[in-house]
Amino acid sequence: MSTGVIIALIVIVAVVLVVAAVLALRARGPQHGGSLKRRFGPEYDLAVARHDGDTKAAERELAERVRRHGSLHTRPLEPAERERFEARWAAVQERFVDSPREAVGEADRLLAELAGARGFPDGGQYEEQLTALSVHHAHHVEGYRRVHRVTHARVDDARDGGAGTEEMREALVEARALFEALVRQDRHDDGRQRAGTETGGSLAHHAPASHAWSLGKRRPKES
């Protein structure tokens with residue numbers, strides 16, 4: 001076999017390997033994006049919207065969240081801790097009837113404390129805490145975001161049609177899903193909670209009947 005033929009064969013093999021590598025990389029891209037979409041669910045769509053439809057930028061952001069917080073190990077609550085948090089949440093729901101804005105503010109603080117107690121970043125670092133929660137509770141974190149936004153909205157915003165009573169009620173009801181995920185989950189519940197997260201279980205499946213709709217039994221007053 002002549003030298004020219006050998007060189008030609010080497011070039012052909014090299015080209016085939018390069019093409020195969022490129023195709024493999026292209027194939028991995030959508031799979032990676034699909035994995036992120038399955039993991040983050042509604043948070044994936046929010047990230048895409050925040051990046052004006054740029055899915056690559058959104059996926060880079062979400063991948064960075066996983067890199068920073070994916071290995072976070074939460075700690076289970078002691079029974080007494082769990083009881084205290086549950087009692088405080090029940091009090092929040094009762095308070096909403098007469099003082100909705102104060103109740104939502106307390107829910108915001110309570111979720112921050114509960115997340116911190118479970119081992120997430122301290123509530124004083126809201127954005128970092130929210131980011132970490134989005135990695136592990138992507139289907140429930142929006143409720144926390146909503147109550148925090150209502151709590152820190154300017155008073156003028158509410159007077160001008162901002163967060164009204166119904167919006168605050170919806171935010172609190174949605175936030176309960178994250179509360180339940182955090183207060184109930186321990187090492188023995190990981191599989192069950194993950195299944196509930198992946199199906200996006202509604203709040204109605206989490207909330208005890210005695211409290212689920214105490215927010216709607218009487219017309220609450222605006223604070």
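Buried means under 20% relative accessible area, exposed means over 50%, and partly exposed lies in between (1.4 Å probe, protein chains only). This is a predicted model: local features need pLDDT of at least 70, side-chain atom pairs count only at pLDDT 80 or more, and totals for chains, interfaces and linings use all residues. Residues are numbered from 1 along each chain as its sequence is written, and side-chain values use heavy atoms, with hydrogens and water left out.

**Overall fold**

The protein chain has 11 helices and zero strands. Helices (H or I, at least four residues) and strands (E, at least two) are DSSP runs, numbered from the N terminus. Of the 223 residues in the protein chain, 39% are buried. Contact means heavy atoms within 4.5 Å. Among contacts with a separation of 6 or more, 72% join residues 24 or more positions apart. The protein chain exposes about 12,800 Å², and carbon and sulfur atoms supply 56% of that area. Accessible areas come from the Shrake-Rupley method with a 1.4 Å probe; for residues, only the protein chains shown count as cover.

**Nonpolar cores**

A nonpolar core is a set of buried Ala, Val, Leu, Ile, Met, Phe, Trp, Tyr and Cys residues joined through side-chain atoms within 4.5 Å. The largest has 31 residues. F85, W89, L111, L133, Y144 and F179 have the most contacts inside it. Five helices each supply at least two residues of this core: α4 (79–96), α5 (100–117), α6 (126–136), α7 (141–151) and α9 (165–184). Helix α5 gives the most, with nine residues. F179 touches F85, E86, W89, L110, L111 and L114, not counting residues up to four places away in sequence. A second, separate core has nine residues, including L36, V48, A58 and V135.

**A buried arginine**

R176 is found in helix α9. Its relative accessible area is 5%, so R176 is buried. The R176 side chain makes a polar contact with the side chain of Q93 at 3.0 Å. A polar contact is a pair of N or O atoms within 3.5 Å; within protein, one must be able to donate a hydrogen and the other to accept it, and residues adjacent in sequence count only if both atoms are side-chain atoms.

**Salt bridges**

A salt bridge is a side-chain nitrogen of Lys or Arg within 4 Å of a carboxyl oxygen of Asp or Glu. The whole structure holds 17 salt bridges. Three of them are tabulated here.

| Pair | Closest N to O |
|---|---|
| E86 and R184 | 3.0 Å |
| E106 and R88 | 3.1 Å |

E113 lies in helix α5 and R88 in helix α4, 25 residues apart. E113 counts as partly exposed because its relative accessibility is 41%. R88 is partly exposed at 28%. E106 counts as buried, at 19% relative accessibility. E86 is partly exposed, with a relative accessible area of 25%. R184 is also partly exposed, at 41%. Elsewhere, salt bridges that share partners join E43, R50, E61, R65, E142 and R145 into one network.

**Surface patch**

I7, V11 and V15 form a nonpolar patch on the surface, with about 260 Å² of accessible area together. Patches are made of residues with over 30% relative accessible area and no salt bridge: like charges are joined within 9 Å, nonpolar side chains (Val, Leu, Ile, Met, Phe, Trp, Tyr) within 5 Å. I7 lies in helix α1 (residues 3–40). I7 counts as partly exposed because its relative accessibility is 48%.
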